[in-house]
Amino acid sequence: MSSRSACSLAAALLAVLLLGPPAAAPAAALAEPEGRVILTVSGKIRNRNGGADARFDRAMLERIGEQDLRTTTPWTDGKQTFRGVLVRDLLAAVGAWGDTVHAIAINDYSYRIPVSDFDAYPVILASRMNGELLRIREKGPLWIIYPRDEFPELREKAVEPRMVWQVRALVIE
C-alpha cells in the first residue's frame, strides 16, 4: 500500500471514529402524526418529526407496511395471528444506525434487543392479534412478536424477555 493510500485510509477511519458511521441517506423529516402518538423512536436515528424523536400514530405505522405472523407465545393459548410492522422496516424508516434497540413499555419495563435479531428474523411490532387491535390490558398497543414457530432457537427462555409488550418507546443505541 502506498503512503498516500495509507494516509487516506487513516483519515477515513478517523472520520468514522469522530463522526460516527457515514449516512446511508440524508436525514429526512417524517410526516407529523395526525392521531394519538403510540410509539416514540429516539437515539441513533436520522429521520425525525418531533425534535430529537420520531413519533408515530397507528396510521403512520400501518403505512410503513404490515405483515401477518402466525405463532405461539408463552402468554397465549395456541397459535395466534399477529399483525404489525416488521421492526427492520421501522428501523429503516427512521434511518436507525445503532446496534441495540432499547424497548420500553408503558410500565417502564425495558429490555435491550440486538438489532441483529431484526435482520435475522421477521420480528414484528404487532398492533393486532386475530384481527383485533391490541388494547393495554391485552399487551397493547404494541407488542414485539418473534416468529417462534418458524425458528426453534426462538423458543428458548432467553428470547422471552425480548418480546416486550405495551411498548411505548424504542431507543436506538
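Which residue in S10 does Val 101 stand opposite? I looked it up: Val 101 stands opposite Ile 172.

**Basis.** I am working on a predicted model, where local features need pLDDT of at least 70, side-chain atom pairs count only at pLDDT 80 or more, and totals for chains, interfaces and linings use all residues. Residues are numbered from 1 along each chain as its sequence is written, and side-chain values use heavy atoms, with hydrogens and water left out.

**Strands.** I take strands as DSSP runs (E, at least two residues), numbered from the N terminus. I call two strands paired if DSSP finds at least two bridges between them. Strands of a sheet pair through backbone hydrogen bonds, either parallel or antiparallel.

**Sheet.** I traced an open sheet of 5 strands in the order S2-S1-S10-S5-S6, with mixed pairing. S2 and S6 (110-114) stand at the edges with a single partner strand each, so one side of each has no neighbour in the sheet. Neighbouring strands of this sheet are turned by 20° against each other on average, direction ignored; the axes are lines fitted to C-alpha atoms, and angles run from 0 to 180 degrees between N-to-C directions.

**Pairings.** I then went through the strand pairs. S1 (residues 37-43) runs antiparallel to S2 (residues 54-57), and 4 bridges join them. Leu 39 has Phe 56 in S2 as its bridge partner. S1 also pairs with S10 (residues 167-172), in the parallel sense, over 4 bridges. Here I found Val 171 in S10 as the bridge partner of Ser 42. S10 pairs with S5 (residues 100-105) in the antiparallel sense over 5 bridges.

**Backbone checks.** Most residues other than glycine have a negative phi, and most peptide bonds are trans. I noted a cis peptide bond between Gly 140 and Pro 141, with omega about 10°. Pro 141 lies in the loop between S8 (132-133) and S9.

Asp 108 is not a glycine, yet has a positive phi of about 75°. I place Asp 108 in the loop between S5 and S6. Asp 108 counts as exposed (over 50% relative accessible area; buried is under 20%, partly exposed in between; 1.4 Å probe, protein chains only), because its relative accessibility is 54%.

Gln 166, also not a glycine, has a positive phi of about 55°. Gln 166 is in the loop between S9 and S10, and is buried at a relative accessible area of 13%.

**Glu 160.** I found Glu 160 in the loop between S9 (143-145) and S10. Is Glu 160 buried or exposed? Glu 160 counts as buried, at 17% relative accessibility. Leaving aside neighbours within four places in sequence, Glu 160 is in contact (heavy atoms within 4.5 Å) with Pro 74, Trp 75 and Arg 148.
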